[in-house]
Amino acid sequence: MSKSSSNPLQAPAKGRICIRPYRDSDSEPIRALFVDAFGTGKGSILRAALKGQLADKLSMCLYTIGSISLCSQAIHLSTRYSSHKDQDNYNVLIYLGQAMLLAALATLLNRAYKVYLAVMKFIQLGLDGDMLDIGEHYCWRSLQFDNSDSSKENERRKNGYWVAELIQEDGSSIIVGGTGIDVTTTRNEPSSAELRRMVVSPLCRRRGVGAQLIEVALNHARKHNIPSVYINTSVHQHSALSLYEKYGWVRLKDFWYLGSMHVTTLKLDLKNSGT
């Protein structure tokens, strides 16, 4: 029996990747990966969102305002004035420039803080929601011995969660990724599902881990006759968006999560998909 390392954020990059169904012992590593991938970890959604925000149109306008205010103050500091009236006008312009600079800086910091709060709330809602007991939410643990025929419970049996496990040369293993299929979030299309909580350790990215997880999840969806699969992701996750579009996902709409996080919804029609 292989030994399992407890820290997926310190995994060596070498080894064989294995995709398997979730076990209850995977809970803590997956939750740690979830926080890292969405929070402050390398290549996280929070970092990508902050980086994208710094390059958007509003930020560019704020940079321009700040630059103009600095330049105007530099010009006035290098100019000599012949009267008190000119000096008074100079002081007014200096104060105005400083106010503009402080306002631009405060706006930039406030926008970044709102993005941070939005991501932190998203993470906490996940940890307190479906990620609190993955075995119950995605693997319907309580329904495995329940013979009830209710449609709601039958739908829940279509849920699933899988992990990517790195098998090292010494036989030890570590969890380096995970994702789930959830049929409980698509209320407008009850027969559809959502691909959720896609996480990959930063030390194992660009090794096809995400693609392998998607393949397993989509095969599960086809097996259970799920006609379409949705996904919500940050517009700043460019590599992830490219991967989803490669599999046939199409962007439907963009929205602002909590007014600060720019998110896009994608849909994959499995009936017409050749993947």
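Trainee: What sort of model is it?
Mentor: It is a predicted model, in which local features need pLDDT of at least 70 and side-chain atom pairs count only at pLDDT 80 or more, while totals for chains, interfaces and linings use all residues. Residues are numbered from 1 along each chain as its sequence is written, and side-chain values use heavy atoms, leaving out hydrogens and water.

Trainee: Back to α8, which residues are buried?
Mentor: Those are Ala240, Leu241 and Tyr244. They lie on the same side of α8 because they cover an arc of only 100 degrees around the axis, taken from the directions from the helix axis to the C-beta atoms.

Trainee: And what do the buried residues of α8 pack against?
Mentor: They pack against β4, α7, β5, β6 (250–257) and β7.

Trainee: What about Tyr244, what is it in contact with?
Mentor: Setting aside neighbours within four places in sequence, Tyr244 is in contact (heavy atoms within 4.5 Å) with residues including Leu195, Ile214 and Trp249.

Trainee: New topic: what follows α7, at Asn225?
Mentor: Just after α7, Asn225 takes a positive phi of about 55 degrees.

Trainee: And which residue does that just after α8?
Mentor: There, Gly248 takes a positive phi of about 105 degrees.

How values were computed:
Helices (H or I, at least four residues) and strands (E, at least two) are DSSP runs, numbered from the N terminus. Buried means under 20% relative accessible area, exposed over 50%, partly exposed in between (1.4 Å probe, protein chains only).
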